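Reader: Hi! I'm new to this one. Could you walk me through it?
Author: Happy to. Have a look first, and then ask away.

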Amino acid sequence: MLNLSINGNRQALDIDPQTPLLWAIRDYVGLTGTKYSCGIAQCGSCTVYLDGAPVRSCITPVSDAVGKEVTTIEGLSTPAGQAVQAAWKELEVVQCGFCQSGQIMSAASLLHRNQKPSDADIDQAMQGNLCRCATYARIRQAIKVAAGKLSGGQS
Amino acid sequence: MNTKQIINLSRRRFVAGSTASLVSLTLGILPSVKAEQREAGPGIAGKAPETAGDFSPNAFLRIDADGMVTVISKHLEMGQGTYTGMATLVAEELDADWDKVRVEGAPADAGRYNNLFWGKAQGTGGSTAMANSWEQMRRAGAAAREMLVQAAAEQWQVDAAQITVSSGVIKHAASGRQAGFGELAELAAKQPVPELIELKDPESFKLIGKHIPRKDSLEKINGQALFTQDIQLPGMLTAVVLHPPRLGAKVLKVDRKGALAVKGVREVIDIPTGVAVVAEGFWQAKLGRDALTVTWDDSKAFDKSSEQILDDYRKLAQKPGLEARKAGDAVTAIAASDTSIESEYSVPFLSHSAMEPMNCVVRIDKDKCEVWNGEQMQTSDQHQIAGLLGLDPKQVHINMLYAGGSFGRRANPAADYLLETVHIAKALKPGTPLKMIWSREDDTHGGYYRPLYLHRLRAALDDQGDPEAWEQRIVGQSILKGTPFESVMVKDGVDMTSVEGAANLPYEIKHIQVDLHSPDLPVPVLWWRSVGSTHTAFAVESFVDELAVKAGQDPLAYRRKLLRSHPRHLAVLNLAAEKAGWGESLGRNRGQGIAVHESFNSYVAQVAEVSVRRDVISVDRVVIAVDCGVAINPDVIEAQMQGGMGFGLSAALFSELTFKDGSVEQSNFNDYRILRIDQMPEVEVYIVPSAEPPTGVGEPATPVIAPAVANAVYAATGQRLRQLPLRLS
């Protein structure tokens with residue numbers, strides 16, 4: 001039995017410890033905001049946090065999450081996370097939306113580390129998150145808007 | 001649920017109208033567009049319907065007792081903003097409160113929910129959603145508004161003419177009475193459906209043309225939006241399929257023991273497309289598939305390589321093909337000219353590679369089948385599934401979910417991944433919900449690609465350097481051959497989707513000849529965002545640039561001269577050039593390129609600025625001008641221009657699907673490369689103000705970027721790149 005804490009809720013899962021965290025979250029816990037798209041850490045759609053640090057859940061064995069706090073898009077509640085989600089809404093970033101949970105998790109993580117990211121910082125932090133709709137222009141803008149709000153209204 | 005439908009459906013009429021067969025699909029997309037527009041489209045704005053009851057507002061909206069307006073979208077939301085657009089049209093004429101409008105997907109029903117440009121077939125494609133719905137949805141909203149007003153007049157015993165509606169509130173100023181939609185919904189349902197409907201003067205639009213929020217944003221931001229991948233049903237099983245490594249190979253022998261030994265694996269099932277492993281969840285099914293041992297019979301498998309195909313096409317391009325356009329005598333004029341020029345352009349196979357790999361959920365019972373899918377072609381899929389199960393199409397209920405991208409892949413007349421799912425579910429205990437998920441590798445190998453194409457272009461210039469003759473020979477597989485669309489959209493052997501963007505060359509040239517070879521190959525092919533224009537725009541707009549260079553003229557001025565009688569092309573061309581600062585020197589290793597192209601009745605021009613460093617092409621800035629008629633939602637249009645261009649930029653710079661001895665060489669995003677954020681240029685979008693009926697925006701930005709970038713690379717380096725993806729040597 002694997003004891004996990006996901007978004008503050010305890011979960012006991014009787015599954016193969018090598019099962020990727022992604023499928024534990026989706027198929028056994030039933031949280032579907034985290035998406036499967038590539039399975040080999042090439043696209044970032046499955047990004048979640050382990051103790052606040054972003055990981056690609058498609059290649060992370062669920063056993064790695066034992067004893068750590070897992071945060072998914074459904075549980076993202078940091079000020080940076082909320083600022084990113086608000087900016088995403090304000091700038092209407094989403095199109096098909098499938099990659100956006102991962103984009104938002106990565107963007108919030110960037111702002112956790114760096115409250116005033118430059119364009120180069122944004123490109124570097126976000127280049128592992130693919131968007132086939134190419135919403136990249138608005139993702140850049142939205143991260144700047146969120147950063148501005150976090151640092152007191154100046155964007 | 002306390003939903004009160006404000007208008008009772010005339011069920012009998014709709015059922016009678018929903019018996020469309022696959023044959024009705026053959027009314028086609030492109031050829032019928034113009035005719036349908038005349039009959040059901042924008043040409044009769046503001047007038048009554050031609051025959052009473054040829055549309056019915058109730059099929060498209062419902063208002064509940066709380067005043068919530070639910071707009072029922074006949075079109076798929078796959079990112080292009082359709083749900084928002086459909087709701088905008090209804091809410092505008094209804095004078096609804098935008099915050100109290102929600103959208104849900106319509107069920108499959110060719111009688112009620114057909115695409116007006118496609119005859120009696122329901123589907124989303126060809127950038128037609130807003131164009132075909134422009135009047136229909138506004139009428140739906142206007143009819144409902146009128147019935148609410150009549151209900152208020154009856155309830156308050158006042159003159160209907162003195163009642164106003166604004167932002168979801170119905171008012172009679174003289175008596176000081178007012179009510180929300182919900183309070184009058186029940187009474188409104190009893191009013192007669194108005195026969196004569198007056199639509200608003202565009203001057204009084206409150207939602208159309210304004211910046212209003214998307215309807216699908218919030219749930220896509222907080223992880224609550226439901227895609228096919230997210231459907232969870234009690235007792236549901238998950239399947240993955242082992243497909244043959246080479247196209248056309250068949251299963252010879254399966255050793256199931258390893259798979260069945262994996263914990264959680266329930267069944268291993270032979271299906272026509274391979275071997276399916278059914279398990280409790282995806283990961284177990286995948287482990288089960290890894291443990292399968294299958295011997296394949298390759299005797300009839302595809303064995304060609306992309307290089308070989310290209311060579312074959314090159315030879316074919318030396319021979320005349322079927323005529324797609326002929327004006328004057330281009331061949332003779334070119335033979336007689338001493339300033340002729342010849343070039344070959346080619347593009348590879350491409351996978352759609354939507355972020356959500358193909359998947360489908362079905363539950364089959366004795367006399368019905370329920371489907372959950374990001375549905376791009378509802379009624380065709382419904383017929384295909386019904387055919388496989390021996391059911392009446394009405395017994396196949398399709399739940400339309402959001403699609404995590406599609407770009408044409410989920411609009412397959414062959415319904416490939418849906419039928420694969422049905423084949424598996426059919427072998428399970430009746431009533432077992434089954435989710436079939438393709439891995440990314442399955443999706444990349446799954447076929448239905450944008451075909452590989454080769455273009456051979458020749459031209460002759462006159463004394464002024466203007467082209468007097470243009471000959472374009474196109475070689476590539478037909479997308480429509482063998483589909484129900486063939487009978488209408490393949491004319492005298494010419495697949496319209498192979499030559500669109502070339503046969504309708506807008507440039508003023510005396511002698512024009514465009515012809516086509518459509519060789520057969522076993523590689524399944526399909527439309528890919530902007531279809532024929534994905535290759536014709538690249539070939540045409542690059543070659544025009546070559547002519548301008550040969551003539552020693554500015555590429556913008558050259559195009560302007562040849563487009564003098566095409567005002568909509570000219571307007572976008574001039575706007576993009578002006579905003580981009582066309583002609584400014586960008587310095588060493590940098591250059592500007594321009595291209596203009598019409599697709600799906602929308603006009604797009606793009607100016608690309610590129611830098612070249614150590615043979616790496618970086619696109620720094622792209623300026624886009626678009627004329628799509630009335631701009632229903634400028635914010636969505638801007639997003640589609642940015643994203644459509646970005647989608648095309650993937651193909652311009654990175655994406656390439658190649659065959660080696662019958663097998664696809666790429667498998668995932670590591671080798672089938674698509675654009676990443678650090679490769680996305682700065683983008684500016686300008687919309688030409690227009691009162692023309694709205695046309696599509698989902699596709700038209702995509703085909704323009706490859707030639708704009710190729711032309712910019714030429715300006716920067718002097719190297720003319722004629723093959724996609726663009727590579728400097």
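Reader: Okay! In what order do the elements of chain A run?
Author: From the N terminus on, the order in chain A is β-β-α-β-β-β-α-α-α-α. That comes to five helices and five strands, where helices (H or I, at least four residues) and strands (E, at least two) are DSSP runs numbered from the N terminus. The model is a predicted one, in which local features need pLDDT of at least 70, side-chain atom pairs count only at pLDDT 80 or more, and totals for chains, interfaces and linings use all residues. Residues are numbered from 1 along each chain as its sequence is written, while chains are lettered from A and ligands numbered from 1 in the order in which they are written.

Reader: How compact is chain A for its 155 residues?
Author: Its radius of gyration is 15 Å, close to the 15 Å from the globule rule, so chain A is as compact as a globular protein of that length. The radius is taken over C-alpha atoms, and the rule is 2.2 Å times the number of residues to the power 0.38. Along its principal axes, the C-alpha trace of chain A spans about 50 × 30 × 25 Å.

Reader: And what percentage of chain A is buried?
Author: Buried residues make up 59% of it. A residue is buried if 20 or more other C-beta atoms lie within 10 Å of its own, exposed if 12 or fewer, and partly exposed in between, with C-beta atoms placed from the backbone.

Reader: Switching topic: how many residues of chain B are in contact with chain A?
Author: There are 49 from chain B, in contact with 43 of chain A; contact means that C-beta atoms, placed from the backbone, lie within 7 Å.

Reader: Which helix gives the largest share on the chain B side?
Author: H21(B), with six residues. Helix H8 (217–221), helix H10 (282–290) and helix H21 (634–653) of chain B each supply at least two residues of that side.

Reader: How confident is the prediction for chain B?
Author: Chain B averages a pLDDT of 91, and 92% of the residues score at least 70; pLDDT is the predictor's confidence in each residue, from 0 to 100. Residues 1–57 of chain B stay under 50, though the model has 107 contacts beyond four places in sequence for them. Where pLDDT is low, the predicted coordinates should not be read in detail. The model scores ipTM 0.98 and pTM 0.92.

Reader: How many residues are in the largest nonpolar core?
Author: It has 269 residues, and Val90(B), Ala239(B), Val277(B), Ile624(B) and Val709(B) have the most contacts inside it. Such a core is a set of buried Ala, Val, Leu, Ile, Met, Phe, Trp, Tyr and Cys residues joined through C-beta atoms within 7 Å. Helix H6 (residues 129–156) of chain B gives the most, with 14 residues.

Reader: Where does Ser127(B) lie?
Author: In the loop between helix H5 (110–113) and H6 of chain B. Ser127(B) is buried, with 24 other C-beta atoms within 10 Å. Beyond its neighbours within four places in sequence, its contacts include Phe600(B), Ser602(B) and Thr695(B). Ser602(B) is 475 residues away along the chain, yet the two C-alpha atoms are separated by 9.3 Å.

Reader: One more! Is H18(B) largely enclosed or exposed?
Author: Largely enclosed by the rest of the structure, because 15 of its 19 residues are buried. Just after H18(B), Gly552(B) takes a positive phi of about 70 degrees.

Definitions and conventions: Two residues are in contact if their C-beta atoms, placed from the backbone, lie within 7 Å.
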